[in-house]
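Subject: Structure handover

Hello,

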Amino acid sequence: MTIKTFFLNNERTAYVRAFILSRIEEIPWTHARPAVVIFPGGGYEYCSDKEAEPLAMRYVAEGFNAFILNYTCGKKYPAAFTNAAYAMFKIKARAEEFGIDKEKIAVVGASAGGHLAGCLATMWSDTGIVRVIGCEPDDIRPSAAVLCYPVISGVTSPHKSSFNILTGDDANQATLSRLSLENRVTPKTPPIFLWCTADDASVSAHNSIVMAKSCVSNGVPVEMHLYDSGPHGLSDCSKGAGVNEKYLDSPCAGWVDLSVKFLRKYLQL
């Protein structure tokens, strides 16, 4: 495996770490692997390490090349979204170098990173971001999205600290609604996989529920797993991600395998 880092801005504060598996000559599909682009959580205040490399390694083990985005935090929308769109644009442009199939790239996001991944899944055709990046809409469109206990809505059980950063001083109802992803789903939104826990005290499960409902209303393939119990920030439910031992063998621990099956179906692997 090769690990590479590339920067997205002159300040070198936004960057991508790439984990590239070797090609196996006798296995043709490994010459152009599927990929995941991972967006860690952190309430848009920081990028959580426990929702970065532990997730990347799980998908690498399943044959995906993985990219982790360290995005701009503490700044209002669209700072982080611009990083996400530009990262996808650069990854697709360098698909041959990275040994990936640019038509088989999914985004994976946890908590606020789930909101960011969801932004890319629902707003990839936004004329403003396409103009800023200088690309065609398909250049930044993911082929699927995996959203883990995601922040979704600024109007239905919102995660207030995340939306306070996203909106800055412009926290009016119109802005909150515009950044609420359940309002941005269209029939062209890629397939969505969601999971969360019913007793998450930080990001309410209502976020995932309204997102799933919007997908159903728009005819978007969606799979949702609502587990009965588990704290916020479970990542891949592993000891390596700092998870309490009582959750290592909980039902939540199966979400990665379920998401891989979902991606294999909709990325046609």
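Below are the findings, grouped by topic.

One caveat at the start: this is a predicted model.

The largest pocket has a volume of about 180 Å³. Its lining consists of Phe89, Lys92, Ala93, Lys102, Glu103, Asp138, Asp139, Arg141 and Ser143. Two elements each give two or more residues to that lining: α2 (79–93) and β5 (100–110). The top contributor is α2, with three residues. By class, six of the lining residues are charged, two are nonpolar and one is polar. Keep that charge content in view if you look at this site.

**Cores**

In soluble globular proteins, nonpolar side chains tend to be buried together. Here, the largest nonpolar core has 59 residues. Phe39, Phe67 and Ile140 have the most contacts inside it. Take Ile140 as an example. Leaving aside residues up to four places away in sequence, Ile140 touches Ala85, Met88, Phe89, Leu120, Trp124, Ile129, Val130 and Cys135.

Another core lies apart from the largest one and has 35 residues. Ala52, Ala56, Leu234 and Trp255 are among them.

**Cysteines**

How many disulfides does a search of the whole structure find? The count is zero. Check Cys73 and Cys47 yourself. The closest cysteine sulfur to that of Cys73 belongs to Cys47, at 3.9 Å. A disulfide needs the two sulfur atoms within 2.5 Å, so this pair is too far apart for a bond. Cys73 counts as partly exposed, because its relative accessibility is 22% and the cut-off for buried is under 20%.

Cys196 is in no disulfide either. The nearest cysteine sulfur, in Cys252, is 9.4 Å away. Cys196 is buried, at 2% relative accessible area.

**Helix α6**

Helix α6 covers residues 160–167. Its buried residues are Ser162, Phe163, Ile165, Leu166 and Thr167. The cover over these buried residues includes α4 (112–123) and α7 (173–178). After α6 comes Gly168, with a positive phi near 60°.

**Backbone points to check**

- Tyr77 and Pro78 are joined by a cis peptide bond, with omega about 15°. Pro78 sits in the loop between β4 (65–70) and α2.
- Arg12 has a positive phi near 60°, and Arg12 is a residue other than glycine. Its place is the loop between β1 (2–7) and β2 (15–20). Arg12 is exposed, with a relative accessible area of 52%.
- Tyr44 is not a glycine, yet its phi is positive, about 65°. Tyr44 lies in the loop between β3 (33–39) and α1 (53–60). Is Tyr44 buried or exposed? Tyr44 is buried, with a relative accessible area of 2%.

So Arg12 and Tyr44 both have a positive phi, but Arg12 is exposed whereas Tyr44 is buried.

Best wishes

Notes. Residues are numbered from 1 along each chain as its sequence is written. This is a predicted model: local features need pLDDT of at least 70, side-chain atom pairs count only at pLDDT 80 or more; totals for chains, interfaces and linings use all residues. Side-chain values use heavy atoms; hydrogens and water are left out. On a 1 Å grid over the protein atoms alone, a cavity is a set of points where a 1.4 Å probe fits but cannot get out, and a pocket is an open set with protein on both sides within 12 Å along at least five of seven lines; lining residues have an atom within 4 Å of a point. Grid points are joined across faces, edges and corners, and a volume is the space filled by probe spheres set on the points. Helices (H or I, at least four residues) and strands (E, at least two) are DSSP runs, numbered from the N terminus. Ala, Val, Leu, Ile, Met, Phe, Trp, Tyr, Cys and Pro count as nonpolar, Asp, Glu, Lys and Arg as charged, and the others, Gly among them, as polar. A nonpolar core is a set of buried Ala, Val, Leu, Ile, Met, Phe, Trp, Tyr and Cys residues joined through side-chain atoms within 4.5 Å. Buried means under 20% relative accessible area, exposed over 50%, partly exposed in between (1.4 Å probe, protein chains only). Contact means heavy atoms within 4.5 Å.
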